[in-house]
Amino acid sequence: MTRDMCDVTRAKHGRPVHHWRRDVVELAAVFTAVAVADVVANLVGHGPDGPALLAFSAAALVATAGFHTWWARRHGHAPPVSDTDTGARPSSSQEQAGPGVVGAESTLWRMRTTVKDAPGSLAALCTALAGHRVDILSLQTHPLGEDTVDEFLLRGPGALAAADITRAVARAGGSGTWIERADAHDLVDAPTRVLGLATRTALDAAELPLALRQLLGRCTIRSLPARPAGGGRGPADVPVEGVLEDTVMRLRAPEGGVITVERPYLPFTPTEFARARALVELDARLGPRIPRSQDVLTLPEGNDITVRRADTGDLEAARAMHERCSARTLGMRYHGPVGDADRYLNHLLSPRFGRTLAVQTPSGRVVGLGHLLWDGDETEVALLVEDQWQRRGIGRELLGRLVAMAVEAGCESVYAVTQSSNTGMVAAMRGLGLPLDYQIEEGTLVITARLDSAERGAVGGPLSRSGEPGNA
């Protein structure tokens, strides 16, 4: 007994601690045991069956001691050594798991649920989550009349499934619960994230659709011009304050037209609508703008060209390039009547619908255009290089830069639409070194490149740089 007590009485760093009070108690226990044994021996020894009873008691004690030793070895009673006892540092997974789930992997969740706007409703939710060892990392509430929409960022044990959380929330009074996995980026608080998106929007007009998508999550964003490039009637006008209809919001575009945002799986809250409207208003106040950085590149034959961002200010130079291009080159690019090509230029050059790169000679003449176009949930790449400048690596350089932009914007894939006979475009797409999917229908070829994270570092162009690198 004394040894066991010493083993479990430990201080920091594993060294035993001796207490004089415990020693006095143990000494008193020994004297008491001796006195009791002497009394028992006198009573038993003077009886008629004293020797036999002593022998039986000794045998019972030996058997009991033997059984105790066997049981102790088979089922250890000592408590497990903790990290505090050994001085060991918790693993990274334990640190991430936090209190209550140490030793298990943790998972981040984004959850939204609706509760009655009554005292105690939020407390009931928190109690239900705590019962499953779920930590609440952040919380936002959106009052909606008699109800309140609560948005949570949660961290729970890795073994806890989403269905377990939603059932617990439902029992606590939550309804219309939506939940999905989150990542480390969601740990940034909402005001900081909105300020970052506002900064991106202020630096580049083409960032507005991307900022809205990052602000609102998985959604489809479409910019509809006031006057469609192909003619016809434009979209219905919306008031200055915009329109919110459950899973659809419509905002007035700064340059005219309408920006439509759809998220069928989750209704928008008034707070989300107000934030989106604020980003659009910021874009409208700042007016047209694009980064003015540029790269000077050297072609294989030794000539220098400049690659830079372009916008509607380059409309006349782009039209002049169209006039110098052959009908075959324009047909490869636009897949329709050559005369209609100029009607699309203003749309293609607008930063609202994507990003455009221009290639110009030292004299300032534009000889190539590359477009990265936001097409709802997808992203299209398109190239046009003047005839006499083809087969010099310009298209490959433009394509590599456009794909790098798509990666930076968080796009999962890009696609190019061309004719099956356009071997130059096919070769440029294959030169990216990315996984490709091909679809051919009636002579039209659609090539989709998947921007897997493991392959993103392979994107690049073949030309050498003779100037300072830019953000083009």
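Residues are numbered from 1 along each chain as its sequence is written, and side-chain values use heavy atoms, with hydrogens and water left out. Because the model is predicted, local features need pLDDT of at least 70 and side-chain atom pairs count only at pLDDT 80 or more, while totals for chains, interfaces and linings use all residues.

Helices (H or I, at least four residues) and strands (E, at least two) are DSSP runs, numbered from the N terminus. Two strands pair if DSSP finds at least two bridges between them. Strand 12 covers residues 366-375, and it pairs with strand 11 (residues 354-360) and with strand 13. The table sets out the two pairings.

| Strands | Sense | Bridges | Residues between | Glycine in the turn |
|---|---|---|---|---|
| Strand 11 and strand 12 | antiparallel | seven bridges | five residues | G364, positive phi of about 95° |
| Strand 12 and strand 13 | antiparallel | eight bridges | two residues | G376, positive phi of about 65° |

Each of these pairs forms a hairpin. On the strand 13 side, H371 has A382 as its bridge partner.

Buried means under 20% relative accessible area, exposed over 50%, and partly exposed in between (1.4 Å probe, protein chains only). Nine of the 10 residues of strand 12 are buried, so the strand is mostly covered.

T379 lies in strand 13 (residues 378-385). Its relative accessibility is 2%, so T379 counts as buried. Contact means heavy atoms within 4.5 Å. Leaving aside residues up to four places away in sequence, T379 touches L372, L373, W374, C411, S413, V414 and Y415.

T247 sits in the loop between strand 6 (243-245) and strand 7 (248-252). With a relative accessible area of 19%, T247 is also buried.

**Helices 8 and 9**

Axes are lines fitted to C-alpha atoms, for helices over the stretch in contact, and angles run from 0 to 180 degrees between N-to-C directions. The axes of helix 8 (residues 190-203) and helix 9 (residues 208-216) come within 9 Å and cross at roughly 170°. The two helices are therefore roughly antiparallel to each other, a term used for angles over 145 degrees. Helix 8 contributes V194, L197, R200 and T201 to the contact, and helix 9 contributes L208, L210, A211, Q214 and L215.

Key: Parallel < 35°, antiparallel > 145°, perpendicular 65-115°, else oblique.
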